[in-house]
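Here's a quick briefing to read with the model open beside you. Have a look at the structure first, then work through the points.

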Amino acid sequence: MSNGNESAPVIEVTGLGRKYGRKEALQDVSLRVGSGGVFGLVGENGAGKTTLIQHLLGALRPQSGTVRVFGADPAYDPPAVLSRIGYLSEDRDLPGWMRVGEFLRYMRAFYPGWDAAFAERMVGEFGLNPAAKIRSLSRGEQARTGLLAAVAHRPELLLLDEPSSGLDAVARQQILAAVVRTVAEEGRTVVFSSHLLDEVERVADHVLMLHQGRVVMDMPMDEVKARHRTHLLRWAEVPAADAPTLPGMLRAERDGREWRVLCDGDPEALAAAVRAAGGEILETAPATLEAVFVARVGA
């Protein structure tokens, strides 16, 4: 996979593997992320998303394969990597005993590039009270505080692990808007994992789909939308119980004489195959990322 600057990838992972006992959390995972844009990681719970992000942070060392972030190994050279990364975990990991203002001043001490004016502006935009203790904040306010701390030093790479987990629709939209603005206005790179596929579809430029630790799709979002279509088909006579064999078909569901199929590939080749089998295409529509996920990974 590649997006952005070909000559200087922000992230380059090759043949990454990790086991926990007999369970293979990651199996021969490779990816390349260029500078700029939003890169979405999707997969069911336990697919390996968080494990992959932990390798990018250097919290885990590869058991096989290699991980490079800004050309360095994050597990062996943390100073070369972590100062250029912003990170927000699903668990937030914020010190509940601190007040919001204290926490931001504490974080500022770690980052020479901390933008105090930007942080102050974001406090206002997010409606945060600097005097409030973090433990007293709602989940949405804690997520906003964590995101602010992750972006205020203007990191070149922002890693977000399920940033919208447990949040209401308003908080999710506000956080995603801030992330997209960070990329659009500053040309930075965002990698985020989410089980909310409509969010990924809305904001990601590229998507990597994991299933049981393996990459099952690695594609620009525009290409995902261009290649995948759902078609409603009908035959003059009731077809056999088995799904028809069609080019690029990933999933098929039957309803009487009609079949709803999701295909990846050339629509003209599909149309020709349907006609040859004595059927007709009643309607065609772009497939959602959720439909593509179900088709490739299973219900």
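What follows covers a helix, a few strands and some salt bridges.

Keep in mind that this is a predicted model: local features need pLDDT of at least 70, side-chain atom pairs count only at pLDDT 80 or more, and totals for chains, interfaces and linings use all residues. Residues are numbered from 1 along each chain as its sequence is written, and side-chain values use heavy atoms, with hydrogens and water left out.

**Helix α9**

- Helix α9 spans residues 267-276, and Leu270, Ala271 and Val274 in it are buried (buried means under 20% relative accessible area, exposed over 50%, partly exposed in between, with a 1.4 Å probe and protein chains only).
- Those three cover an arc of only 100° around the axis, which puts them on the same side of α9; the arc is that of the directions from the helix axis to the C-beta atoms.
- As a reminder, an α-helix has 3.6 residues a turn, so residues three or four places apart point the same way.
- Over on the other side of α9, Glu268 and Ala276 are exposed.
- The buried residues of α9 pack against β10 (228-235), β12 (258-264) and β13 (279-286), where contact means heavy atoms within 4.5 Å.
- Helices (H or I, at least four residues) and strands (E, at least two) are DSSP runs, numbered from the N terminus.
- At the N-terminal end, Asp266 caps α9, with a side-chain oxygen 3.0 Å from the backbone nitrogen of Glu268.
- After α9 comes Gly278, which has a positive phi, near 80°.

- In β6, 5 of its 5 residues are buried.
- β6 pairs with β5 in the parallel sense over 4 bridges, and Leu88 stands opposite Leu160 (strands pair if DSSP finds at least two bridges between them).
- β6 and β7 also run parallel, joined by 5 bridges, with Val190 in β7 as the bridge partner of Leu158.
- Thr189 lies in β7 (residues 189-193) and counts as buried because its relative accessibility is 1%.
- Leaving out residues up to four places away in sequence, Thr189 touches several others, including Val10, Val33, Glu156 and Leu158.

**Salt bridges**

- The count comes to 12 salt bridges, each being a side-chain nitrogen of Lys or Arg within 4 Å of a carboxyl oxygen of Asp or Glu.
- Glu156 forms one with Arg84, the closest N and O atoms being 2.8 Å apart.
- Glu156 is in the loop between α5 (139-151) and β6 (157-161) and Arg84 is in the loop between α2 (78-82) and β5 (85-88), so the pair ties together parts 72 residues apart in sequence.
- Glu156 counts as partly exposed at 35% relative accessibility, and Arg84 is partly exposed at 29%.
- Glu223 and Arg227 form another, with the closest N and O atoms 3.0 Å apart; both lie in helix α8 (residues 221-227), 4 residues apart, about one turn of the helix.
- Glu258 forms a salt bridge with Arg234, the closest N and O atoms being 3.8 Å apart.
- That pair links distant parts of the chain, with Glu258 in β12 and Arg234 in β10, 24 residues apart.
- Salt bridges that share partners join Glu223, Arg227, Asp264 and Arg296 into one network.

Notes:
Polar contact = N/O pair within 3.5 Å; in protein donor to acceptor, adjacent residues only side chain to side chain.
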